[in-house]
Amino acid sequence: MRNVIIVGSGCAGNTAAIYTARAGLNPLVMIGHEPGGQLSVTSMVENFPGFPEGVNGPDLVENMKKQAENFGAEYLWGTVAEADLSKRPFRLRVDEEWYEAEALIIASGASARWLGLPNEQLLIGHGVSSCATCDGAFYKDRKIMVIGGGDSAMEEAMFLTRFGSEVTLVHRRDRFRASKIMLERAQAHPKIKFLLNTVVQDVYDPHKKCVTGVTLKDTVTGRVWEQEVDGFFVAIGHIPNTKPFVGQIDLDPDGYILSKGGARTNVEGVFHAGDVQDRNYRQAITAAGAGCMAAIEAERFLAGHEGH
Ligand SMILES: Cc1cc2nc3c(=O)[nH]c(=O)nc-3n(C[C@H](O)[C@H](O)[C@H](O)COP(=O)(O)OP(=O)(O)OC[C@H]3O[C@@H](n4cnc5c(N)ncnc54)[C@H](O)[C@@H]3O)c2cc1C
């Protein structure tokens with residue numbers, strides 16, 4: 001039985017861990033499938049306050065974890081598969097083990113969205129990727145394709161120019177969700193070519209266990225053609241990691257946690273933090289700030305209940 005369990009070890013979960021640990025609540029952090037969260041798969045973070053020269057993303061989250069551990073936070077390897085939030089103590093299952101807590105902070109972030117192409121899943125790890133930082137170096141002097149029209153697609157494409165001989169950015173529309181500055185940077189890069197109003201029909205070749213090319217379709221003219229590609233990076237957004245909480249707390253139609261103000265969910269004693277609730281800002285600093293808010297609210301909630 002814990003005072004507080006924190007689900008997720010990204011910026012939000014680690015910040016909540018620092019605050020709750022420092023408040024003497026001895027939090028347990030469930031690390032999940034992505035230790036350190038999304039920042040663990042990026043390189044330089046230039047917009048986190050306090051680092052005039054920028055900071056390496058994995059170093060930043062690792063330091064947050066160490067800071068929380070210095071105050072007594074404990075980290076548990078594993079992913080929450082099931083939750084019972086119908087009454088306190090709240091119960092969470094990791095593998096076959098159930099853990100109980102008086103307060104819960106959900107900071108489980110969001111996972112990459114895939115295109116749903118017939119061969120896509122067969123080629124993940126064999127040329128299909130959602131993480132340029134993890135896999136970009138495999139494609140030195142090779143042909144790279146990035147799918148998407150938002151900031152992450154621009155960022156992935158820019159990052160991949162370090163490795164690829166060329167980077168083709170495929171977007172199904174001719175308008176972009178990306179911010180003006182990110183789009184302009186990508187458009188100005190000599191290695192990045194844009195294919196607009198274009199969709200991918202499939203990626204090949206699962207029999208060879210590597211990506212050799214794609215079939216593309218121009219949505220305006222209907223033209224279908226094949227293009228050689230070695231690395232295929234999908235950057236079309238994320239899905240909130242709320243599966244274990246479906247039916248337990250209020251979620252919006254896309255699965256993001258619905259906030260009841262501050263860091264509160266509709267269940268008293270269950271708080272949200274970071275990208276799992278935030279579809280708007282999705283930044284390391286806002287996730288960290290949300291982790292702080294959730295921790296303070298959890299602390300006050302526990303202080304108002306017997307035994308705390
Ligand atoms: C490539 C890339 C580059 C970025 N660059 C920047 C940048 O330069 N500056 C910036 O401010 N932001 C950047 N971001 C955004 C930033 O990383 C996110 O906004 C931030 O990481 C969100 O933090 P979070 O803690 O809410 O979620 P996440 O970082 O997504 O962490 C979620 C955590 O929850 C865990 N989890 C999920 N499900 C479960 C479960 N069932 N049980 C237990 N644990 C679970 C995961 O393992 C993970 O540890 C970038 C993101 C990406 C993908």
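These notebook entries record what I looked up in the structure.

**Basis**

I worked with a predicted model, in which local features need pLDDT of at least 70, side-chain atom pairs count only at pLDDT 80 or more, and totals for chains, interfaces and linings use all residues. I number residues from 1 along each chain as its sequence is written, and side-chain values use heavy atoms, with hydrogens and water left out.

**Ligand shell**

I looked up the surroundings of the ligand and found 33 residues there, the closest being Glu34, Gln38, Val80, Asp275 and Ala284. By residue class the shell divides into 13 nonpolar, 15 polar and five charged. Here Ala, Val, Leu, Ile, Met, Phe, Trp, Tyr, Cys and Pro count as nonpolar, Asp, Glu, Lys and Arg as charged, and the others, Gly among them, as polar.

I then turned to polar contacts (pairs of N or O atoms within 3.5 Å). A backbone N or O atom of Glu34 lies 2.7 Å from a ligand oxygen atom, and a backbone N or O atom of Ala12 lies 3.0 Å from an oxygen atom of the ligand. For Asn47, a polar side-chain atom lies 2.8 Å from a nitrogen atom of the ligand. Taken alone, the ligand exposes 1,000 Å², of which the protein buries 93%; I note that accessible areas come from the Shrake-Rupley method with a 1.4 Å probe. Helix H1 (11-22), helix H4 (151-160) and helix H6 (284-303) are the elements that give two or more residues to the shell. Helices (H or I, at least four residues) and strands (E, at least two) are DSSP runs, numbered from the N terminus.

**Backbone geometry in loops**

I recorded a cis peptide bond between Arg88 and Pro89, with omega about -5 degrees. Pro89 belongs to the loop between strand S6 (80-84) and strand S7 (90-94). A cis bond also runs from Tyr204 to Asp205, with omega near 10 degrees; Asp205 is in the loop between strand S14 (198-204) and strand S15 (213-218).

I next checked phi. Asp95, which is not a glycine, has a positive phi of about 55 degrees and is found in the loop between S7 and strand S8 (97-106). Asp95 counts as exposed at 57% relative accessibility, where exposed means over 50%, buried under 20% and partly exposed in between (1.4 Å probe, protein chains only). Asp141, likewise not a glycine, has a positive phi of about 60 degrees and counts as exposed at 56%.

I found Asn119 in the loop between strand S9 (110-112) and strand S10 (128-129). Asn119 is buried, with a relative accessible area of 13%. Not counting residues up to four places away in sequence, Asn119 touches Asp202, Val203, Tyr204 and Pro206, contact meaning heavy atoms within 4.5 Å.

**Strand pairing**

I take two strands as paired if DSSP finds at least two bridges between them. S15 and strand S16 (residues 224-228) pair in the antiparallel sense over five bridges, with Thr215 opposite Glu226. The two form a hairpin with five residues between them, and Gly222 in the turn has a positive phi of about 85 degrees.

I traced an open sheet of five strands in the order S10-S17-S11-S12-S13, with parallel pairing. S10 and strand S13 (192-195) stand at the edges with a single partner strand each, so one side of each lacks a neighbour in the sheet. S10 pairs with strand S17 (residues 231-234) over two bridges, and Val128 has Phe232 as its bridge partner.

Definitions and conventions:
A residue is near a molecule or strand if one of its heavy atoms lies within 4 Å of it. A polar contact is a pair of N or O atoms within 3.5 Å; within protein, one must be able to donate a hydrogen and the other to accept it, and residues adjacent in sequence count only if both atoms are side-chain atoms.
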